[in-house]
Amino acid sequence: MEQNSMKAALSVAIRAALAAGQEIMKIYTDPLQDFGIERKADNSPLTLADKAAHRCIMDALCETGLPVLSEEGEHGDYETRRQWVAFWLVDPLDGTKEFIKRNGEFTVNIALVLDTHPHVGVIYVPARRELYFGEPLLGAYKVTDIDTWDEMERLPDLLQRAQRLPLPHPEGRPYTIVASRSHMSPETELFIKEARREHGEVETISSGSSLKICLVAEGRADAYPRYAPTMEWDTAAGHAIAACAGRWVYQAGTDEPLKYNKEDLHNPWFVVV
């Protein structure tokens, strides 16, 4: 895909993510809304906001003519998917449990995958009005205080408002790992123990949804070990942003990057550094 096409795809994805964020917040901020919570086959929750965001994103991405693999859509058979050279990989509302808890730590994730690798990534945090995006030649960026993007505004205008990632972190900050304080796996504990041996003081921080990858891309954290189940749509957008920020997302125990559009859409355990 040519560079101009990649930039055009990034613009479409940003507009789609912001529009989906608006649909999510209409439901999130309605004091009379019970979210219409259902349970999917894997017992994970599904809300009206998941559905509304999915419809909004599908409408926006259809203009690109590329296939879309969304958590809330039809996943199709692998024999069809394996023929895709380029496609959109989408989680319309990542962190549905966080959405239900009303803690603000939920995101819209949109990635453009080319030949099993995510190249363009957009993550929008509607409750915080924060936007992360990345494209290989442009790099990775964060924009704050944004909930709409005027149709007349172009990508160079948005870049003027954006902060290039990673951001500088305070001098003397201890080595920081994104890890759950309440559900620490033995593998994560070992990762932290080895980090203490190498770096001395280690601080752990926690966050919901794909924000965990954003913390590393942003420079607020140095590593995110994930020794727990995730799906491809959970990580693709963050993977692209992290890579564009000069970070590395690799399968735990190997030096191989995560790959996408596999027959089994589950990710292996991975580490972001």
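Predicted model: local features only at pLDDT ≥ 70, side-chain atom pairs only at ≥ 80, totals over all residues.
Strand E7 and strand E8, residues 139-143, are joined by five bridges and run antiparallel.

Seven strands make up an open sheet, in the order E3-E4-E5-E6-E7-E8-E9, and the pairing is mixed. At the edges stand strand E3, 68-70, and strand E9, 163-165; each has a single partner strand, so one side of each is left without a neighbour in the sheet. On average, neighbouring strands of this sheet are turned by 20 degrees against each other, with direction ignored.

Next, strand E6, residues 117-125.

With strand E5, residues 107-114, E6 pairs in the antiparallel sense over seven bridges. Within that pairing, valine 108 is opposite tyrosine 124 in E6. The hairpin of E5 and E6 has two residues between the strands, and aspartate 115 there takes a positive phi near 50 degrees.

With strand E7, residues 130-135, E6 is joined by five bridges, again antiparallel. Here valine 122 has phenylalanine 133 in E7 as its bridge partner. The hairpin of E6 and E7 has four residues between the strands, and in the turn arginine 129 has a positive phi of about 60 degrees.

Helix H2, residues 48-61, lies across E3, E4 and E5, and runs at about 155 degrees to E4, which is strand 86-94. Helix H8, residues 232-244, also packs on the sheet, where it touches E4, E5, E6, E7, E8 and E9. The direction of H8 makes about 100 degrees with that of E6.

Another helix to look at is H7, residues 211-218. Is H7 mostly covered or mostly open, and how many of its residues are buried? H7 is mostly covered, with eight of its eight residues buried. Among them are Lys212 and Glu218, along with Leu211, Ile213 and Cys214. After H7 comes glycine 219, with a positive phi near 95 degrees.

Last, the three-stranded sheet. This one is open, ordered E12-E14-E13, with antiparallel pairing. Its edge strands are E12, 224-226, and E13, 249-251, each pairing on one side only. The twist from one strand to the next averages 15 degrees. E12 and strand E14, residues 270-272, are joined by three bridges, and arginine 226 stands opposite phenylalanine 270 in E14.

Notes
Residues numbered from 1 in each chain as written. Heavy atoms only, no water. Pairing = 2+ DSSP bridges. Axes fitted to C-alpha atoms, helices over the stretch in contact; angles between N-to-C directions. Buried < 20%, exposed > 50% of the residue type's maximum accessible area, 1.4 Å probe, protein only. Contact = heavy atoms within 4.5 Å.
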